[in-house]
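Let's take a walk through a protein together.

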Amino acid sequence: MEVSMFLNTLTPKFYVALTGTSSLISGLILIFEWWYFRKYGTSFIEQVSVSHLRPLLGGVDNSSPTNSNTSNGDADSNRQSVSECKVWRNPLNLFRGAEYNRYTWVTGREPLTYYDMNLSAQDHQTFFTCDSDHLRPADAIMQKAWRERNPQARISAAHEALELEDCATAYILLAEEEATTIVEAEKLFKQAVKAGEGCYRRSQQLQHHGAQYEAQHRRDTNVLVYIKRRLAMCSRKLGRTREAVKMMRDLMKEFPLLSMFNIHENLLESLLELQNYADVQAVLAKYDDISLPKSATICYTAALLKARAVSDKFSPEAASRRGLSTAEMNAVEAIHRAVEFNPHVPKYLLEMKSLILPPEHILKRGDSEAIAYAFFHLQHWKRVEGALNLLHCTWEGTFRMIPYPLEKGHLFYPYPICTETADRELLPTVFHEVSVYPKKELPFFILFTAGLCSFTAMLALLTHQFPELMGVFAKAFLSTLFAPLNFIMEKVESILPSSLWHQLTRI
């Protein structure tokens with residue numbers, strides 16, 4: 001009776017205020033949840049539930065090791081995350097003048113981001129300058145040129161340096177940025193080789209005379225290796241692939257310790273172009289080692305070689321009937337290994353996503369590395385009959401082995417969470433949608449609060465427009481909702497003595 005009397009005293013204004021207030025509160029919760037999810041990638045309500053409410057309710061993670069082991073594991077994970085989120089120079093980066101700028105002239109789009117070009121400027125200052133540059137006037141000019149942001153100012157400085165003497169780094173800048181064709185760039189690099197070899201021989205004789213001469217020799221070595229590597233790349237782009245392979249092999253023999261340039265990745269691509277798969281396997285045997293850092297080129301080339309042995313006869317229907325042979329199993333495992341290392345590559349190889357020009361720097365295991373790999377290696381996968389079909393049938397199976405890639409990997413460390421942020425800095429997001437792994441799905445509480453906000457807002461609007469009708473519906477709904485409670489109360493009143501019931505209600 002009391003409930004019915006209370007409901008009868010409520011006016012339509014009360015229902016309007018109630019639904020409006022509920023809609024406002026759920027809307028504020030929705031906005032906060034969405035902001036928190038966009039910033040931290042997780043739901044605030046879910047995080048609080050797991051972190052604080054679950055322990056209070058007795059939830060215990062049995063899989064957690066001891067505190068000391070956990071702290072050690074976290075430290076190892078943090079160190080690995082820092083190393084895997086390091087940005088690397090793209091071993092196959094294009095020429096700015098002959099390739100990137102021509103793309104801009106044709107399309108009007110800028111293929112390189114400011115962040116990417118700034119990293120290149122830092123690389124040039126690191127590898128092409130030293131503290132003794134002020135002793136040589138041309139090198140002093142080039143030291144300023146590498147810090148200059150304006151391309152025309154850099155080119156003018158390079159010409160000014162060449163008026164004083166044959167300067168290898170000046171030729172490099174002109175070949176990279178002023179030359180509009182690969183043929184022009186090759187001519188400039190050939191002039192740079194002569195100047196660079198002279199400086200290298202002179203500094204080699206003086207390198208033990210002090211720290212200053214040692215730094216100068218290190219700089220001259222970097223310059224010479226860079227020039228010869230770019231010359232080999234010119235030969236590869238101009239179709240003289242065998243000559244490029246020879247130049248790369250000679251360079252790796254002459255400077256075996258300079259692995260930071262990753263010349264072996266240039267060599268692998270050239271050998272694949274020649275379809276010299278035996279030599280590709282020999283290079284992989286040396287560089288696909290557990291102690292050496294991996295890359296998409298290493299992992300996917302190894303998968304391509306194993307797929308090549310079985311892909312021409314592979315059929316998913318036949319494999320499902322008879323099972324996989326040993327060679328097919330090895331190929332599938334190699335594909336799974338490659339996909340785990342970089343899960344973005346298959347969509348580019350299978351042409352499920354369009355390619356863009358690769359950046360000058362890449363993030364290993366990220367979208368930038370996937371673009372750089374697929375841009376040069378897609379043709380090699382197409383050349384192997386059935387390789388892309390095998391990849392298409394098997395690559396998604398990798399994700400069943402690593403249901404929580406950010407927490408635990410299968411063959412590699414957990415997938416680093418920093419890749420999306422770094423790739424957005426490296427890639428031109430104006431016309432390229434950055435690939436994100438794993439896909440972030442909207443948490444349940446964001447969907448729930450969105451639905452609650454919409455529902456209460458609709459109720460508020462209807463109550464405002466039709467107050468009497470909505471009042472009738474509200475009373476009917478609440479009466480139905482409280483009917484079981486009223487029924488229980490009536491039964492209790494009929495069973496208990498009236499005096500006892502009177503005392504309980506007073507309490």
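How many salt bridges does a search of the whole structure find? The search turns up 24, where a salt bridge is a side-chain nitrogen of Lys or Arg within 4 Å of a carboxyl oxygen of Asp or Glu. Before we look at some of them, a word on the ground rules. This is a predicted model, so local features need pLDDT of at least 70, side-chain atom pairs count only at pLDDT 80 or more, and totals for chains, interfaces and linings use all residues. Residues are numbered from 1 along each chain as its sequence is written, and side-chain values use heavy atoms, with hydrogens and water left out.

Now the overall picture. The protein chain has 25 helices and two strands; these are DSSP runs numbered from the N terminus, with helices being H or I of at least four residues and strands being E of at least two. Of its 507 residues, 43% count as buried. Buried means under 20% relative accessible area, exposed means over 50%, and partly exposed is in between (1.4 Å probe, protein chains only). The accessible surface comes to about 28500 Å², and 58% of that belongs to carbon and sulfur atoms; such areas come from the Shrake-Rupley method with a 1.4 Å probe, and for residues only the protein chains shown count as cover. Look at contacts too, meaning heavy atoms within 4.5 Å. Among those between residues at least 6 apart in sequence, 70% join residues at least 24 apart.

Back to the salt bridges. E177 pairs with R96, their closest N and O atoms being 3.9 Å apart. This pair links distant parts of the chain: E177 sits in helix α9 and R96 in helix α5 (residues 96–107), 81 residues apart. Both E177 and R96 are buried. Another pair is E197 and K228, with closest N and O atoms 3.8 Å apart. Here E197 is in helix α10 (residues 182–206) and K228 in helix α11, 31 residues apart. E197 counts as partly exposed, at 26% relative accessibility.

An α-helix has 3.6 residues a turn, so residues three or four places apart point the same way. R424 counts as partly exposed because its relative accessibility is 40%. Elsewhere, salt bridges that share partners join R96, R154, E177 and E360 into one network.

What about a charged residue without a bridge? Go to E369 in helix α19. E369 is buried yet has no salt bridge, and the nearest side chain of opposite charge, K364, is 5.9 Å away (Lys and Arg count as positive, Asp and Glu as negative, and His and the chain ends are not counted). Leaving aside neighbours within four places in sequence, the contacts of E369 include S295, F341 and K364.

In helix α7 (residues 137–145), A138, D139, I141, M142 and A145 are buried. Seen down the axis of α7, these buried residues fall within an arc of 155°, so they line one face of the helix; the arc is that of the directions from the helix axis to the C-beta atoms. They pack against α8 (151–164), α9 (168–178) and α11 (211–237). Helix α20 (residues 387–394) has A387, L388, L390, L391 and T394 as its buried residues. Their arc, seen down the axis of α20, is within 160°, so they too line one face of the helix. Among the elements covering them are α15 (296–308) and α17 (326–341).

F128, in helix α6 (residues 114–128), is buried, with a relative accessible area of 4%. F128 and V223 are 95 residues apart in sequence, but 6.1 Å apart in space, C-alpha to C-alpha.

E351 has a positive phi of about 55° although it is not a glycine, and lies in the loop between α18 and β2 (361–363). R365 has a positive phi too, about 75°, and is not a glycine either; R365 is found in the loop between β2 and α19. Are these two buried or exposed? E351 counts as exposed at 52% relative accessibility, whereas R365 counts as buried at 1%.
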